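Subject: Handing over a structure, with notes

Dear colleague,

I am passing the structure below on to you, together with some notes on what was found in it. Please read the notes with the structure open beside them.

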Amino acid sequence: MENIKEIVNGQREFYNSGITKNIDCRVDQLRRVKQLLKDNEDKLYQAIYEDFGKSQFETYMTELSLLYHELNRYIKRVKKWSRVVKVSTGLANFPAKSFIVPEPLGVTLVIGAWNYPYQLSLLPAISSIAAGNCVIIKPSELASKSSAVMAEIFNNNLSSKFFRVVEGGVSKTQELLDEKFDKIFFTGSSRVGKIVYQAAAKNLTPVTLELGGKSPAFITADADLKMSAKRVIWAKFINAGQTCVAPDYLLVDKRIESAFKRELVKQLKCYPKVADEIDDNYLKIVNQKSTERLVKLIEKDKVFYGGNYSVEHHFIAPTILHNITFEDIVMDEEIFGPLLPVISYMNLDKAIAKVKQRPKPLACYVYSKSKRDIEKILKTISFGGGAVNDSLMHLSNNNLPFGGVGDSGMGSYHGKAGFDTFTHYKSILDKPTWFEAPVKYYPYFKWKRKLIRFMLE
Ligand code: NAD
């Protein structure tokens, strides 16, 4: 049995020794993480396949490649990002100098979700150690094999005083949350996000919350229907729809609805339609409970395409639902599965207004050639991040901070944003003693006030 207190205390002691502030030490750890991933790719592929049938191709494309990309970036940039930055000082503090010192936060906790078990746990952990922190990672128990393989690889090869994977479910997470951390980074549902936020508040621990939500994709009348359908279908059904930034539902201009639905169906030709056709590329639903939840959302008379499922095999075929309104049951909560509702609209402004009445989504996508419509949607709806004429791919660019807003989360990571998330920027004013202007000191003569106004306004 792991003793959580001992692990946290061990990390705190190690952090306080100052070793992690050394940049070479951080880079060395990042290199070791990269090498461990490389050396253990087969194990990582096997574990995630056993968890929910994820293929090597998708695991590389949506998990490992992102990790390698991020590690390379950090190995190259961490020295530069950790430098003290001089900034201008202004007349009021003449002849002082001002500078900003990037400083690690301390002992950090990363709680991961199951749906991309490697990258959701390891990307924030990479940011944390690059910024000079110690990190405890708690992957999701729902992808138990992936969690176990991460624990095996990292706990056996890295010092637990620096980098530790703790496995377990709700009670283990609660035990961790009872400890005081210097930062908690959580990925998961809004419901659990609130629990984490409350636990963190007790210690005034800062949090980053990467949550979910219902992300819309607009298809306007002048969109390139074929390409839009291709990209929407890929983004929706990768990971069998169990992706936080998957297009949750489509808002399609009524004038092109029929033509666009035909294009969607064409794109689905090579996907399995029944459980017997499951191949190594189409994923399972993570467990029976989630499969049953999703099955309840399939209203038979609303199925335009697909609709087959097997609870036993945790299989749901890619399904398009049509004649959907915002009042349908499938619009109540984040779908997080391979069901794609199509809502048609006659008036774009009214469709936008409907989206704005709902919680702020994690992503929003616009498929259109109209600059006016694109701008209108991007400017009037508040959402975490998104793409024009594409879906999902914004998260593959680590120059773009990734995170939600409002109900879909707070804070961001990926690339420099991840480093910033785990860094405190300490501001310092350094003033020599050879000169001091008398104006700010008592007694406050009128001429002093005048001079201050003259200098500062
Ligand atoms: P979840 O909230 O059920 O679980 C996330 C983590 O919290 C797990 O590690 C779990 O062990 C822990 N947990 C669960 N219940 C808890 C409790 N009562 N107290 C303390 N800890 C608890 O989420 P999930 O099912 O793993 O993931 C699906 C959700 O995550 C979806 O809403 C999805 O949109 C969201 N998500 C968001 C992102 C993002 O980057 N914004 C990425 C992936 C998933």
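Which residue has a polar side-chain atom that lies 2.5 Å from an oxygen atom of the ligand? That residue is Glu334, and the pair falls within the cut-off for a polar contact, a pair of N or O atoms within 3.5 Å, where inside the protein one atom must be able to donate a hydrogen and the other to accept it, and residues adjacent in sequence count only if both atoms are side-chain atoms. Taken alone the ligand exposes 840 Å², of which the protein buries 91%, the areas coming from the Shrake-Rupley method with a 1.4 Å probe.

Before going further, please note that this is a predicted model, in which local features need pLDDT of at least 70 and side-chain atom pairs count only at pLDDT 80 or more, while totals for chains, interfaces and linings use all residues. Residues are numbered from 1 along each chain as its sequence is written, and side-chain values use heavy atoms, with hydrogens and water left out.

Around the ligand there are 27 residues, of which Gly112, Glu141, Ser189, Leu211 and Glu334 come nearest; a residue is near if one of its heavy atoms lies within 4 Å. A polar side-chain atom of Trp114 lies 3.2 Å from an oxygen atom of the ligand, and a backbone N or O atom of Glu210 lies 3.5 Å from a nitrogen atom of the ligand. The largest share of the shell, three residues, comes from α7, where helices (H or I, at least four residues) and strands (E, at least two) are DSSP runs numbered from the N terminus. At least three residues of the shell come from each of domain 1 (4–211 + 409–425) and domain 2 (216–403), with bounds taken from an automatic or database domain assignment.

Thr208 is part of strand β7, residues 207–210, and counts as buried because its relative accessibility is 1%, buried meaning under 20%, exposed over 50% and partly exposed in between (1.4 Å probe, protein chains only). Its side chain makes a polar contact of 2.7 Å with the side chain of Lys183.

Leu204, in the loop between α8 and β7, has a positive phi near 55° although the residue is not glycine, and at 77% relative accessibility Leu204 counts as exposed. Finally, the peptide bond from Phe94 to Pro95 is cis, with omega near 5°, and Pro95 sits in the loop between β1 (85–87) and β2 (97–104).

With best wishes
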